[in-house]
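Please find below a colleague's note on the model shown here. The points may be read in any order.

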Amino acid sequence: MRGESRWRALATVALVLAGAPAYSQIAIRGETVYTMAGPALKDGVVLVKDGKIEKVGAGLEVPAGYRERRARVVTPGLIDAHTVVGLTGYLNQPQDQDQLEPSAPIQPELRAIDAYNPEERLVAWLRGFGVTTIHTGHGPGALVSGQTMIAKTRGKDVDAAVVVPVAMVAATLGSGARTTEEGKSPGTRAKAIALLRAELIKAQEYASKRETAEKGKEPERSLRLEALGAVLRGEAPLLVTVHRANDIVTALRVAQEFKVRLVLDGAAEAYLVKDQIRKAGVSVIVHPTMARDFGETENMSKETAAILRRSGIRVALQSGFESYVPKTRVVLFEAAAAAAYGLTFEEALAAITIDAARVLGIEKRVGSIEPGKDADLALYDGDPFAWTSHCVGTVIQGEVVSEGAN
Amino acid sequence: MTVLAAAFALAAPLAVAQEKPQAFLGARIIPITGPEIGNGVLVVHGGKIVSVGPEGTRIPEGAVRVDLSGKVLMPGLVDTHSHVGSVEGADASAPLQPDVRALDAIDVRDPRLLKARAGGITTVNVMPGSGHLLSGQTVYLKLREGSVVEDLLLPNPKTGLLGGMKMANGTNSRRKPPFPGTRAKSAALVREQYVKAQEYRQKIKDAGDDPKKLPARDLGMEGLLEVMDGKRMVHHHTHRHDDIVTVLRLQKEFGFRVTLHHVSEAWKVADEIAAAGVACSIINVDSPGGKLETMDLAWKTGAVLEKAGVLVGFHTDDPITESRFFLRSAGLAVRAGMSREKALYGLTQAGAIILDLEDRIGSLAPGKDADFLVLSGDPLDYRTHVLETWVEGAKVFDLSREKDRLYAVGGYGAGHGQPPSAHLCGDFEDEEQGR
């Protein structure tokens with residue numbers, strides 16, 4: 001499995017590069033601490049050492065040598081389960097828009113790590129509201145637009161920021177995948193699926209030939225088919241941005257045929273086919289609660305996250321992709337809106353912390369305040385969801401990366 | 001009710017003000033132009049507010065009493081800048097088109113307009129877009145139930161005019177000729193039109209009593225004269241601080257009345273705006289950028305303008321922000337330092353002043369239109385829902401009605417407007433379901 005070992009090697013290199021600078025010992029004390037690993041703690045204390053959470057509990061005594069910081073409310077660092085910031089920039093000019101390469105409909109070989117700008121102002125903007133982890137990368141708008149990555153919202157270069165260099169491969173179904181250019185494909189839904197299936201079959205055959213061929217007789221390397229190989233092996237889920245119920249069912253059909261791990265993204269009409277989604281065991285990264293209800297999202301509901309969750313489907317929330325103004329949304333606010341439309345406070349918070357971590361497969365490292373996990377924390381001066389509260393501090397791996405009152 | 005009877009009902013709007021006075025009791029009332037009332041009484045009759053006061057306020061004999069204990073009551077929201085109603089304005093033929101009326105392009109069954117009602121908006125300035133230096137005459141709508149745009153009009157009581165004039169500068173209106181390619185050219189094209197209008201006026205004056213000497217009627221010039229005479233407010237899209245100052249410069253030269261809209265960088269020139277005595281209508285979006293002129297957009301704009309003494313209203317710019325989250329715009333302004341009082345004022349009375357309708361709407365005061373909202377909680381609490389929207393004493397939105405809830409929350413069908421018969425035959429439909 002030459003392909004697999006190479007993907008793993010890449011991941012390992014990135015994790016080593018993300019290695020921590022020297023951290024001091026800090027203690028974060030919150031009037032309320034939502035650990036997301038049990039009931040909320042009153043007078044909770046989080047002890048942080050070497051970038052990791054050392055200990056958490058109510059009324060803990062702070063040992064000598066720990067710098068103490070206080071806040072009304074402390075939560076795990078927020079996780080934006082799907083964005084494009086870092087590939088898309090706030091200027092919205094051609095030079096800072098790298099989320100979509102329109103030259104071909106299927107380009108899974110495009111790596112997010114080759115395009116991510118950790119110093120993009122929108123990354124700092126999200127960090128200022130307590131967002132510490134983002135799942136970002138190639139955007140919607142092509143049948144297969146490229147890879148995504150998971151990063152911390154800090155670091156001067158991509159290697160310092162990255163958590164998972166190849167998180168998923170991004171695809172779009174429905175009208176967003178179609179081209180209107182004369183003589184070009186895909187021009188219809190059915191053609192898009194035919195193209196996608198043909199490419200996945202090619203990737204299956206390629207993998208099998210590379211493995212079984214005699215030395216020296218292997219097919220030429222194909223970055224494209226290797227990237228799809230990672231999807232076929234289940235190493236990288238297929239992230240499918242899709243809104244209409246019939247297109248969601250199509251995504252499930254293709255995923256079942258090729259036994260790929262599927263994550264549904266957007267999913268405006270998911271409430272119509274929730275039984276099928278639950279049976280398939282697929283997670284949904286629901287569109288922003290305040291997304292615009294136009295075109296394929298015209299039937300979106302602000303209660304979708306709640307409806308899916310009640311149906312036993314794992315949901316996370318996202319800031320999504322914005323082509324104009326605002327250039328990004330903020331998951332904190334989208335969760336707040338979802339908390340007004342059917343989710344409880346803690347369910348909405350879970351959708352941008354521990355549940356988002358589970359959907360992204362990084363729950364062993366982030367998403368809750370538990371000993372051994374990364375010391376990623378968000379500090380607020382009141383109910384984090386309140387329009388008039390502020391994020392007063394963001395901590396990533398034990399380092400205070402944002403202060404003030406945002 | 002038979003279909004035939006339903007057809008006869010076409011003559012009268014469905015939601016009409018009750019014949020009898022109505023008294024709303026027990027709510028916390030936020031009148032805007034007076035202090036909040038803990039356990040208040042609002043009396044309305046004939047579409048107007050009769051009285052607003054504390055517990056014990058006189059309730060007329062025979063009034064229908066409505067218990068609103070635990071609820072919050074405030075004036076209907078005034079959105080000073082929106083694109084609901086599938087509005088269109090100028091076309092691509094010229095950068096300034098003062099002859100074009102939004103009035104002639106409104107679909108009152110547009111789902112976005114129904115969603116605005118669900119968001120608590122009762123009065124809205126519907127504008128053409130910002131891709132022109134001047135994209136047309138705007139129209140002020142009262143979100144009554146109605147089957148044609150005429151049912152929703154809100155003429156100015158003094159002038160009879162139906163709206164303002166939409167103008168823009170900065171980058172949106174920079175395009176290929178005949179549109180301007182630079183900021184200086186933009187200003188030159190605008191000045192040229194206003195000079196023409198001055199000359200047109202002179203010709204009318206010179207004609208004296210002789211109709212034969214009158215210039216040929218020019219719809220665009222007529223529109224600009226209304227602007228220069230102060231009868232028609234200019235609603236001016238402008239973002240960058242230098243563009244804001246350019247608007248003030250032209251305003252001084254030609255004497256039109258103007259409200260500055262969006263004003264992403266107003267926080268840089270707040271004193272200049274205050275000195276010019278013009279109002280601002282602001283929008284709060286969730287991040288800066290998206291285009292070059294909003295790079296420095298900041299939520300503190302409301303607070304900075306308030307401190308400088310500028311009248312501050314809000315707008316949705318729907319679909320830029322969503323009508324159902326209009327209250328949130330004020331919430332974000334408070335987050336960045338604006339006072340709660342001025343933020344709520346900005347959603348209501350300030351908007352009324354900006355639309356020259358402050359004698360009629362914007363606050364809960366005797367004699368004003370009975371436009372109000374029943375809220376489940378504080379208007380600036382993220383968990384609060386608009387439960388009911390009332391316009392001129394008639395309930396036009398009720399979250400407990402399934403068909404209204406669809407437009408409030410979303411779901412299958414929310415992207416489509418009401419079919420032409422649906423709202424007119426609403427009672428008929430309800431009866432059908434009840435059988």
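1. Basis of the note. The model is predicted: local features need pLDDT of at least 70 and side-chain atom pairs count only at pLDDT 80 or more, while totals for chains, interfaces and linings use all residues. Residues are numbered from 1 along each chain as its sequence is written, chains are lettered from A and ligands numbered from 1 in the order in which they are written, and side-chain values use heavy atoms, with hydrogens and water left out.

2. Nonpolar cores. A nonpolar core is a set of buried Ala, Val, Leu, Ile, Met, Phe, Trp, Tyr and Cys residues joined through side-chain atoms within 4.5 Å. Buried means under 20% relative accessible area, exposed over 50%, and partly exposed in between, with a 1.4 Å probe and protein chains only. The largest nonpolar core has 193 residues, and those with the most contacts inside it are A:Ile277, A:Phe385, B:Leu141, B:Tyr194, B:Leu260 and B:Ile273. Helix H9 (residues 331–339) of chain A gives the most to this core, namely eight residues. Apart from it lies another core, of 17 residues, which includes A:Ala316, A:Val359, A:Leu360 and A:Val366. Helices (H or I, at least four residues) and strands (E, at least two) are DSSP runs, numbered from the N terminus.

3. Surroundings of A:Phe385. Contact means heavy atoms within 4.5 Å. Leaving aside residues up to four places away in sequence, A:Phe385 touches A:Leu332, A:Ala335, A:Ala336, A:Ala339, A:Phe345, A:Ala348, A:Leu349, A:Ile352 and B:Tyr382.

4. H8 and H9 of chain B. Axes are lines fitted to C-alpha atoms, for helices over the stretch in contact, and angles run from 0 to 180 degrees between N-to-C directions. The axes of H8(B) (residues 326–335) and H9(B) (residues 340–347) come within 9 Å and cross at roughly 150°. The two helices are therefore roughly antiparallel to each other, given that angles under 35 degrees count as roughly parallel, over 145 as roughly antiparallel, 65 to 115 as roughly perpendicular and the rest as oblique. On the H8(B) side, B:Phe326, B:Leu327, B:Ala330 and B:Val334 meet B:Arg340, B:Ala343 and B:Leu347 of H9(B). The residues of this contact divide into six nonpolar, no polar and one charged; Ala, Val, Leu, Ile, Met, Phe, Trp, Tyr, Cys and Pro count as nonpolar, Asp, Glu, Lys and Arg as charged, and the others, Gly among them, as polar.

5. Covering of H8(B). This helix is mostly covered, 10 of its 10 residues being buried. What covers them includes H9 and strand E15 (391–396) of chain A, together with strand E7 (77–82), strand E8 (121–126), strand E15 (312–314) and H9 of chain B. Just after H8(B), B:Gly337 takes a positive phi of about 110°.

6. H4 and H6 of chain A. The axes of H4(A) (residues 189–212) and H6(A) (residues 245–258) come within 11 Å and cross at roughly 15°. H4(A) and H6(A) are therefore roughly parallel to each other. The residues of their contact divide into six nonpolar, three polar and four charged.

7. H3 and H4 of chain B. The axes of H3(B) (residues 183–207) and H4(B) (residues 219–228) come within 9 Å and cross at roughly 95°. That angle makes H3(B) roughly perpendicular to H4(B). By class, the contact has nine nonpolar, two polar and three charged residues.

8. B:Phe24. This residue is in strand E1 (residues 22–25) of chain B and is buried, with a relative accessible area of 0%. Not counting residues up to four places away in sequence, B:Phe24 touches B:Gly40, B:Val41, B:Leu42, B:Val44, B:Val66, B:Leu68, B:Leu73, B:Phe372 and B:Trp390.

9. Backbone geometry. Most residues other than glycine have a negative phi, and most peptide bonds are trans. A cis peptide bond joins A:Ser185 and A:Pro186, with omega about -5°; another cis bond joins B:Pro177 and B:Pro178, with omega about 10°. A:Asp43, in strand E2 (residues 41–49) of chain A, has a positive phi near 45° and is partly exposed, with a relative accessible area of 34%. A:Ala267 has a positive phi of about 60° and counts as buried at 0% relative accessibility.
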